[in-house]
Amino acid sequence: LAAADPRILALAAQVTESREQDIPLLLLNLKGILNIASLGCEESKKIKQDIYNYDLTQYCMLVLRQDHSRLRGGWATAAQLAEILRPSTIQVTFFSFLFFLSFFFFFHFMPCCVGLEVKEDTEEFYKKFLPSAIDNLLFLGRRLQARFIRAIKDEEKQDFLHWFQTVTDAICWLFGGHIQLAACVLQNDHFLQLLITDDVETAIKMMSVLHNILMVNSSVLLQVDEETLHSVLDELVYKLSSTTNPVVGNAATKLLLLVAKFCKQLVKLLTARYKGLKGLLSKQWTGKGFDRDLSQLLDLLDLEQCSGKGETQMQHQAACIIQATWRGFLTRKRLKKLPQAVTALQRSFRAKREQELQHLKKQKEDEALKLQMQLQRQRAMRLFHERQLALLEIIHASQVNKYMEEMEGKSALTIQRFWRGYRARRNFHQQRQSLKEYKAAVVIQRAACKFLEKRRRRRPLSSWKDPKGLTDEQRLALQQKVDDYIKLHPASQMSEEMSKELHMQAQEKLAQFLLRSRLDQRAAQRRETLLAQVNTDVELLMNAPGLAEITEKDLDVFMSRSVPVATKARQSHNTMLKYTRCPWWKKLGDEFVEDDVIPDDALNAELGTLFIGGKK
């Protein structure tokens, strides 16, 4: 086997690896590859065979059904791909790459289609590939027609109309090279939907396509099913009855004339199904510029009516015209509802896409937040380490361990505080529903209690009933129990003097207890006051700003009204700073001093003379 063309291999690799939006523009590069090869030469056949073997034609077919408004190149690329569908007359075989010749060549490439003769698997080409090509082109035409109708600017309308014309020309070229495709075009649902339109320009284009179909295969209307035939004729008659545009009337009249000329059987159908057609043509379309064709059509209808004219036929024709008009109205009404369904589908699709975009956006924001938090943690950790190193340079070597233990304790407390706060918030969120239920139950119970209390108050008071008295037997039994208890527990005898002395002792102990309780209460109040004062002073010291940030107001808080005390505190503070800033080699003599003790000769200050919070 000969090696494949490197340009085809490169293009196939690009199409396989590229995104969906870039494939249409890449497929247009086939034009340059095919123009290089000579017409009918072996190199041209080999290139076409390679293009087919690497499934580039299947990519072209799939591209036609995509929404080109979201692809690179837009609808102009779609029109160029459709223009490739213009074929020339060839003999079909399998390995000759006839798919590409009849479906994906520009009209510039038609000379290279001559002289191909291959002989395998033609049934798949005619029964599957070509009908699929027709369906894709008609589907593309429907999209272009819909966008042409919705377009507002004149430039956009002209562009869409030009692309629509390109697609219809490609369809005409395709069934012109393959006559059997004419029936396939008529039986396609997209063709009938393209023909049933109120837009004048696209309707004229579609009627020209129908005219070319009848010119290529005059008996095609007899090959299609009855429903398709009636739908096409109903639409032509409806256009004659519903519009006053002479261009539309001329096109519809020419089509009916071709139908009447080529198919004598359909003349009977026209006269029988549309009995008011002759009067409609003669009254509404006479003198519109196409009287010659109109007179020929009327003559043909007259000949058919003369052969079997009667009152029943006329009534039948009138009924058929009414039915045709009604069917056309129903069809248009049904087609007008289709955009609503399409709009709902698009709305749901856009909503889903918006949700996906919001999810992706939220995911990106979360990732950015995580990255920012990580950077903040790293920055905070770096600053913490720098601060630790700076403090380690200042602190004496013998006090480093103590300082590290204090920092670890503070860190542990901070972590525990944050963890307790997080746990409390989590428990609160978890218990929020139960709290709501508890509050609701309390409200309900309170209302029920109030209701019961009001109802109890409204009840009338019952008459007083004397308690039942004791009988003689019960009274004697009770008196006997009292006597027995007194015999078992006789009372102790105490004199009056002993009673008074005992009373005086009890009074003295009570007075002592009351006095002691007052003293204890005063001592407790004093302790609480001192503790509150100490806590206040500690908070002032802990919240004190740095030397670089301190203001005069902050200085007033820590200054004493006593000048000697303030002077002594200032001297002690300066001495402590000088001692802490001394280098380590000047403190070598203090190695055996306890960690929390600073030499008196260095400080020359007592802790009791320091001033805290405006008090001595």
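A salt bridge is a side-chain nitrogen of Lys or Arg within 4 Å of a carboxyl oxygen of Asp or Glu. The structure here is a predicted model: local features need pLDDT of at least 70, side-chain atom pairs count only at pLDDT 80 or more, and totals for chains, interfaces and linings use all residues. Residues are numbered from 1 along each chain as its sequence is written, and side-chain values use heavy atoms, with hydrogens and water left out.

Side chains of opposite charge can pair when their charged atoms come close. A search of the whole structure finds nine salt bridges. Begin with Glu235 and Arg332, whose side chains meet in one of them at 2.8 Å, N to O. Glu235 lies in helix 14 and Arg332 in helix 19 (residues 311-394), so this pair ties together parts that are 97 residues apart in sequence. Helices (H or I, at least four residues) and strands (E, at least two) are DSSP runs, numbered from the N terminus.

Glu235 has another partner. Its side chain also meets that of Lys239 in a salt bridge, at 3.0 Å, N to O. Both residues lie in helix 14 (residues 226-242), four residues apart, about one turn of the helix. Together, Asp198, Glu235, Lys239 and Arg332 are linked in a network of salt bridges.

Glu235 has a relative accessible area of 4%, so it is buried. Lys239 is buried too, at 4%. Arg332 is buried at 9%.

The side chains of Glu453 and Arg457 meet at 3.2 Å, N to O. They are four residues apart in helix 20 (residues 400-458), and so separated by about one helical turn. Glu453 is partly exposed, with a relative accessible area of 27%. Arg457 is exposed, at 63%.

Next, the rings. A pair of aromatic rings is described by the distance of the centres and the angle of the planes. Rings of Phe, Tyr and Trp (its six-membered ring) pair if their centres lie within 6.5 Å; planes under 30 degrees apart count as stacked, over 60 as edge-to-face and the rest as tilted. The whole structure holds four aromatic pairs. In one of them, the ring centres of Trp285 and Phe290 are 6.1 Å apart and the planes stand at 45 degrees, so the pair is tilted. Trp285 is buried, at 0% relative accessibility. Phe290 is buried as well, at 5%.

Turn to helix 17 (residues 277-284), where Leu277, Leu280 and Leu281 are buried.

One stretch carries a record. The UniProt annotation "coiled-coil region", from an unreviewed entry, covers residues 350-381. In the model, this span is 100% helix and 0% strand, and its end C-alpha atoms lie 46 Å apart.

Last, the cysteines. How many disulfides (pairs of cysteine sulfur atoms within 2.5 Å) does the structure hold? It holds zero. Cys172 is buried, with a relative accessible area of 15%. Cys320 is buried at 6%.

Methods: Buried means under 20% relative accessible area, exposed over 50%, partly exposed in between (1.4 Å probe, protein chains only). UniProt positions are given in the numbering used here, feature names are shortened, and annotations may be inferred rather than shown by experiment. A disulfide is a pair of cysteine sulfur atoms within 2.5 Å.
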